[in-house]
Each structure stands twice: as C-alpha cells, then as structure tokens.
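Dear colleague,

Please find the structure below, followed by an account of what was found in it. I would be grateful if you read the text with the structure open beside you.

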Amino acid sequence: MKILVTGGLGFIGSHTVVELQNQGFEVVIVDDLSNTSLSVLEGIKNITGKIPVFEKLDLREKNSVQDFFKRNQDIAGVIHFAASKAVGESVENPLLYYENNINALVYLLQELQKKEAANFIFSSSCTVYGQAEKMPITENAPIQTAMSPYGNTKQIGEEIITDTAKVTNINAILLRYFNPIGSHPSAEIGELPLGVPQNLVPFITQTGMGLRKELSVYGDDYPTADGTAVRDYIHVVDLAKAHVIALKRLLDKKNLEKVETFNLGTGTGSSVLEVIQAFEKVSGKKLPYKIVGRREGDITEAYANTDKANTVLGWKAQSTLEEAMASAWKWEQKVRS
Ligand code: WQD
C-alpha cells in the first residue's frame, strides 16, 4: 500500500514516515527541502532499515504536481504536512503563506478528485480555535477569527477540504495538533528549526546546550496558576502514531463521515514555567531565563479534550511532558555532538 507523505522530511512528517514504515506501508515522500535537509532520510533509514522513496517537489508548481500524480497512479492515501508554519513570519509575509499553504493544497486536491477513491489526512492546528472559551477544547469549539495568516491558512484549508470532499470521492480526516514536541527515542530524527527557534521547546534545549544565552519567557501576567501561558505539549511520536491510525480508518472505510476532525493533544495543560521545570529535572541543568513582555498574538491557555480521538480512533497520547522533554534534550545533545 503506497502512501504519499508531503513534507515528509519535516519534524512531524519524518516521525510519521517512521510509524508508517513500522506498520508495513510503502512510503513516498515529497518535500521542497525549504525547511529541512536530506540527512533526515538517513535518520529514517537508521530507525526502520528502509529508505522511503523521495522526490524533491515544490507543490506550488501545478504542472509538477500533475506530473507527479501521472507517474504515481497507485497512491492509496495522502498525508499532507507540507506547509509554512511560523506564526510570526506569516504576519510579515502573508502571501508566502497563502501561496504555499493554500495553492499547494488546491493542486493536491485537484489530482485526488480524479481518482476512484482518495484518502486525505490534513495537518491542522489548535490555532484554529484562537483563545477558546472553555477548557479542555473539544472539536466543536467555535472556530474564531485567526490570529495570524498562518492560522488562517489552516482554517481556509479545512474549509477547502470540507467543500471538496462533499462533491468528490475524497474522504478526509483533519488532525488539529496542539503543541508537538520531543523527538524519536533513537535520537535519529527530531526537530531541526533553522535559525533562531520560534517555539518554546527547541529554544529551551538550545539554551541548555549554551547555543542561546537565556530563554525569554513571554509574560508572567496571564490569568493562570503561575502567570505563564498554558499549552498542551504532545510527544511527536504519539502524534505520528495517531496519523497511522487515522489513515487506517480511511482505508478501512469504517462508518466514515466524508470529513472527520480530531484534536490531538495529551488533554493536560502545562505552563511555560512547568516546561522549564520539566527540562531542569530531566537534564539536571538550571535553565537561565528572564521574564519579558507578552508575545503579540499569544493566547493564555489551550489544552485538548481528547475524548473523541480516544473513543473513535482508539488513540491516546502515552508520553508524559518529562518523557517528551527528555527525548528533545537527547536529540539536541546528539545533533550538537
Ligand atoms: C508556546 C508557549 C509562548 C517561545 C505555535 C503555533 C502552533 C504550532 C506550534 C505549528 C507560548 C511561550 C515561546 C519562547 C516563550 N505551530 N514561549 N518563549 O505559540 O503555542 O503554537 O507553535 O505547527 O500552530 O500557533 O507554540 O512553542 O511558540 O509557544 O515564553 O522563546 O511558550 O509565549 O506561551 P505556540 P510556542
């Protein structure tokens, strides 16, 4: 069974490729290498012993996408990770985000609608909820006006898929990730942010390695237990496993609606200070940090109600925050060794 993984050399994509191969799927990766490197292929092979087929492809080029599908008629399912994902960058350069995250999606779906049956998994984000009223957040929490062009591309992407699935042979599952962190326990693959990390955990591990002077904690005046913002940090391997389960659900065609949506988190919220404490515990290091002002666009709190994923997918996150932090730290040390 051949599965196309777009953005399959990226952070979540590469971990999902490993889990797909572990389950016996044949994987084809397309990636434009704009935010990753070919060395990730080596990491995947070192874990599973199998090198996935890889093709460099820019999904913004409609002809290239058409040509790829002409040459790959036997794709049973698509897991679509390829997208730009830096919130701040999306504010400065919205058209880059609308072109890369929307045009590419449209070209992919235009190819899939030609097939007898098509199975499509979309990498979405809890960012579509904005600051939800009620915690934990369920899948039917209202979709609020996006706080960034990045978040807007996820909302628009979900709408495009929903409208298209209604009138084509495409069945889709939208996976709304909370905050993916950590790395494969082998430390063969992990998060490789290029430049200064925007996200909390890679910034912490780089600070732990002395690559960054100190962490800036963006605000301790939030209405939370310790004043710092709360998120739902989910181990990337748990997240990857959910994709394989979702794919099998599509392939088995079990009592499916045309489009199903699942929140993927641990169901537990952790504050920035709690993440720092978890790092200090697993690394045995004191993390230098300072409290600064809030970051523009940040929300106070977000953590998932995972009942639907637990009952319908039969999936539940297994790793604790500390286990995830330990894997992130192990990866950082290996990558810098
Ligand atoms: C987490 C918390 C920050 C950095 C975003 C996207 C989401 C997904 C994950 C792509 C916040 C605080 C952070 C730092 C800090 N992106 N922080 N100092 O913003 O919750 O989610 O990234 O898939 O869609 O919205 O993640 O890791 O940037 O921040 O204090 O140097 O850590 O304020 O409270 P975020 P994050």
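In this predicted model, the second largest pocket has a volume of about 180 Å³. Its lining is made up of Gln66, Phe69, Lys70, Asn72, Gln73, Glu111, Lys114 and Lys115. Sorted by class, these lining residues are 4 charged, 3 polar and 1 nonpolar. Helix H3, which spans residues 62-71, supplies the largest share of this lining, with 3 residues.

Within it, aspartate 67 and arginine 71 are 4 residues apart, so about one helical turn separates them. The two residues form a salt bridge, in which the closest N and O atoms are 3.0 Å apart. The count of salt bridges in the model comes to 18.

I turn next to the ligand. There are 19 residues around the ligand, and those that come nearest are Ser125, Leu200, Ser216, Arg231 and Asp298. By class, this shell holds 9 nonpolar, 6 polar and 4 charged residues. Its largest share, 4 residues, comes from strand E8, residues 215-218.

Which atoms of the protein lie 2.8 Å from an oxygen or a nitrogen atom of the ligand? For an oxygen atom of the ligand, a polar side-chain atom of serine 125 lies at 2.8 Å. For a nitrogen atom of the ligand, a polar backbone atom of serine 216 is found at 2.8 Å.

Two features of the backbone remain. In general, most peptide bonds are trans, and most residues other than glycine have a negative phi. The peptide bond from methionine 135 to proline 136, however, is cis, with omega near -15°. Proline 136 belongs to the loop between strand E5 (118-125) and helix H6 (149-166). Leucine 33, a residue other than glycine, has a positive phi, near 60°. Its place is the loop between strand E2 (26-31) and helix H2 (39-48).

With kind regards

Conventions:
Residues numbered from 1 in each chain as written. Predicted model: local features only at pLDDT ≥ 70, side-chain atom pairs only at ≥ 80, totals over all residues. Heavy atoms only, no water. 1 Å grid on protein atoms, 1.4 Å probe; cavity = no way out; pocket = protein on both sides within 12 Å on 5 of 7 lines; lining within 4 Å. Points joined across faces, edges and corners; volume = space filled by probe spheres on them. Helix = DSSP H or I, 4+ residues; strand = E, 2+ residues; numbered from the N terminus. Nonpolar A, V, L, I, M, F, W, Y, C, P; charged D, E, K, R; others polar. Near = heavy atom within 4 Å. Polar contact = N/O pair within 3.5 Å; in protein donor to acceptor, adjacent residues only side chain to side chain. Salt bridge = Lys/Arg side-chain N within 4 Å of Asp/Glu carboxyl O.
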